[in-house]
Amino acid sequence: MSLASPPATIPAFDYRAQLGDLREEVLAAITRVLDSGTLILGPEVSAFEQNFARFLAVAGEAVGVGNGTDAIAIALRALGIGPGDEVITVANTAIPTVSAIRMVGARPVFCDVDADTLLMDLEQLTERVTPLTRAIVPVHLYGNAVDMTRLCQLAAERGLAVVEDCAQACGTTSRGQMVGTYGDVGCFSFYPTKNLGAYGDGGLCFTRRPELAQAIRQIRAYGCHDRYVAARDGVNSRLDELQAAVLNVKLRYLPKWLAQRRRIAKAYEAQLDPAIKRPRSGEAALHSYHLFVIECLRRDELARALSNEKIGYGMHYPTPIHLMPAYAQPGFARGSLPRTEKAASRVISLPCYPELTEEAISRVSTIVNDAS
């Protein structure tokens, strides 16, 4: 009979490990809000908007909203995009990217991805443009970065708006500039698993255009330009004071956490078999490694091996959106996006968060090498 201890659990994500170091600061921030008498659109939201804009290091305005999905939908609304318009994006993303496009009544048009980076194929992008196209929503997948210099040039040549989906890429740079600062609007999610995560939902839009910032502020609060008068159609999507207070605490630690994510990725790169394919970083991108993803031909076997050792994992994403019943549309049947579909059958995400230990990385790497 073996007297060895059972293997320790290595979760795919666990906010509690991070909370241990921040608990006193977080509780103090929450208490400050509860004692303030202001719970909605107060000083914590204003401070976070200013702090986050400074973090992005480009002149512009940040506007807190309810979540990352709303951030994209509100950005599209502010740009005047709606029924009858087409918006080009990718299908190997989270459902919210496409849900947001449909929320404003526009039609999502899917572009295939580059086989090496799994980011939007900018060569095919130009082929997807029609007279109905109004905007492009590039997705900075996994913490990687689309080549925004080139994409914005292509968009400008065709008179198209650019709304960046930065949900997985807070802290990622492209050519030394933060993603989310290139397009007309950059959209961020603060869902708990993100590089900068709240303890609930939260989102933000960033823009360098003052008129768009004003429109976004109005749309997030019923379209009002003062408390009782709506200047435009709007919604209820406000980052609340409690989450903003938490984010103000956590934002101070984000540069350290980003460095730790990159350290973890470097350790994986050193320990994983070189034959195991990983998505390549985008052109001139500094990856933030929201996720560390590999492509595995025997993914189901690897998933079982990880589960047997009580190691968490994810699949981002096993079903491309164009093959989901809710988003099926003419022209995008199975086989229409071959590189997207191939990747979807292979990708698996390994544990990757700042608190992950060297021992855990080594253990995960050994299991992956043996099972791949």
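Reply: Happy to! Let me start with a definition: two strands pair if DSSP finds at least two bridges between them. One more thing before we go on: this is a predicted model.

Me: What makes strand S6 and S7 a pair?

Reply: Strand S6 (residues 173-174) and S7 are joined by two bridges in the antiparallel sense. A pair needs at least two bridges, so S6 and S7 count as paired. Within this pairing, Ser-174 stands opposite Gln-177 of S7.

Me: How do you know which strands of that sheet are at the edge?

Reply: The sheet is open and antiparallel, with three strands in the order S7-S6-S12. Strand S7 (177-178) and strand S12 (285-286) each pair on one side only, and these are the edge strands.

Me: Why are S1 and S3 called edges in the seven-stranded sheet?

Reply: That open sheet has the order S1-S9-S8-S5-S4-S2-S3, and its pairing is mixed. Strand S1 (61-65) and S3 each have a single partner strand, so one side of each is left without a neighbour in the sheet. On average, neighbouring strands here are turned by 25 degrees against each other, ignoring direction. A parallel part of the sheet is S2 with strand S4 (residues 133-136), joined by three bridges; there, Val-87 has Ala-135 of S4 as its bridge partner. Helix H7 (residues 210-220) lies across S1, strand S8 (185-189) and strand S9 (203-207), at about 15 degrees to S1.

Me: Why is Ser-288 called buried?

Reply: Buried means under 20% relative accessible area. Ser-288 has 0% relative accessibility, so Ser-288 counts as buried. This residue sits in the loop between S12 and S13, and beyond four places in sequence Ser-288 touches residues including Gly-143, Cys-170, Asn-195 and Arg-261.

Me: And why is Asn-369 called partly exposed?

Reply: The partly exposed class lies between under 20% for buried and over 50% for exposed. Asn-369 has a relative accessible area of 25%, so Asn-369 is partly exposed. Asn-369 belongs to helix H12 and, leaving aside neighbours within four places in sequence, is in contact with Gln-271, Leu-272, Asp-273 and Ile-276.

Me: What makes the contact of H10 with H12 nonpolar?

Reply: The residues that make the contact are Leu-302, Ala-305 and Leu-306 of H10 and Ile-367, Val-368 and Ala-371 of H12. Ala, Val, Leu and Ile are among the types that count as nonpolar, so the contact divides into six nonpolar, no polar and no charged residues. As for the geometry, the axes of helix H10 (residues 299-308) and helix H12 (residues 358-371) come within 9 Å and cross at roughly 145 degrees, and the crossing is right-handed.

Me: Which residues have the most contacts inside the largest nonpolar core?

Reply: Met-120, Leu-125 and Leu-151 do, in a core of 36 residues. Helix H6 (148-158) is one of the elements that give two or more residues to this core, and H6 gives the most, with five. Among the residues that Met-120 touches are Ile-88, Cys-111, Leu-125 and Leu-151. Apart from this core lies another, of 33 residues, among them Ala-62 and Phe-206.

Key: Residues are numbered from 1 along each chain as its sequence is written. This is a predicted model: local features need pLDDT of at least 70, side-chain atom pairs count only at pLDDT 80 or more; totals for chains, interfaces and linings use all residues. Side-chain values use heavy atoms; hydrogens and water are left out. Axes are lines fitted to C-alpha atoms, for helices over the stretch in contact, and angles run from 0 to 180 degrees between N-to-C directions. Helices (H or I, at least four residues) and strands (E, at least two) are DSSP runs, numbered from the N terminus. A crossing is left-handed if the near helix is turned anticlockwise from the far one by less than a right angle, and right-handed if clockwise. Contact means heavy atoms within 4.5 Å. A nonpolar core is a set of buried Ala, Val, Leu, Ile, Met, Phe, Trp, Tyr and Cys residues joined through side-chain atoms within 4.5 Å. Buried means under 20% relative accessible area, exposed over 50%, partly exposed in between (1.4 Å probe, protein chains only).
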